[in-house]
Amino acid sequence: ERTFASLKEQHRRDLINERLDQPYRQSQYFARLLLERPSFTREALLAALEPLTLEDVRSYARTFLKRTYVEGVVVGNLGRDEARAAIGQALERLHAAVLPPERRVEPVVGEIPAQADWVFSERLAVNNSSMQFLYQVGRREPALDAALAIIAKPLSEGFYHQMRTQQQLGYIVWAGAGDMRRMLNLYFVVQSAQYPADELRKRMEGFIPSFQRTFQQLPEAAFEQYRNAVVRSKLERAEH
């Protein structure tokens, strides 16, 4: 009981302290909350945590362990029959099964309608301000992924040079390409101790068209340099 109470209190404090986290991290939390399904607010998690008892956890564990499912990927020089046999052994030893399709929950990201702007603001209990732009580009597929990877190189360099070096807006300045649950996007983040979010937004919005003009005028040699860098990164062996 004492260990459970300590773990529960630590988790409660962690959830509360997230409200005092760095603004850029909080902006990522709100972005996920707005776009990802399923997602849960800190307040909902705190409300669910409050009445939880040790017996609740033990009871759930007994139920949970009776319905263990295995999800995995077989990589290497195993044939199909060998892979099936290995998976069968794992399922048998764990008393597990394949999760039925109707019970699978696939986290998804909602698509913002074309030409629509979603604006969200929150007054935070911290001194710094942060602005994050997230431009949805489309569902992940190889050609689009590669194109964004090429764009991300000069985008990141130009954004940092403009916002951090020249305008000195803040000490956290990022831009690039990413994905949220297989939805590709371009993101821009600035956190500042000197400027309010409205001013950050105005400065960041001014950068977008200037970057578009710069990229359209990119010399062929520079484009090939960026493209080759992306190709090399794709061919590098992943470190584990």
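Student: What makes up the secondary structure of the chain, and how many helices and strands are there?

Tutor: There are 8 helices and 5 strands in the chain, where helices (H or I, at least four residues) and strands (E, at least two) are DSSP runs numbered from the N terminus. This is a predicted model, in which local features need pLDDT of at least 70 and side-chain atom pairs count only at pLDDT 80 or more, while totals for chains, interfaces and linings use all residues. Residues are numbered from 1 along each chain as its sequence is written, and side-chain values use heavy atoms, leaving out hydrogens and water.

Student: In what order do these elements follow along the sequence?

Tutor: The pattern reads α-α-β-α-α-α-β-β-α-β-β-α-α. The radius of gyration of the chain (taken over C-alpha atoms) is 23 Å, well over the 18 Å that the globule rule gives for 240 residues, so the chain is more spread out than a compact globule. That rule is 2.2 Å times the number of residues to the power 0.38.

Student: Which residues of helix α3 are called buried?

Tutor: In α3 (residues 42-49), these are R42, L46 and L49; buried means under 20% relative accessible area and exposed over 50%, with partly exposed in between (1.4 Å probe, protein chains only).

Student: What do the buried residues of α3 pack against?

Tutor: They pack against α1 (2-17) and α2 (23-35).

Definitions and conventions. Contact = heavy atoms within 4.5 Å.
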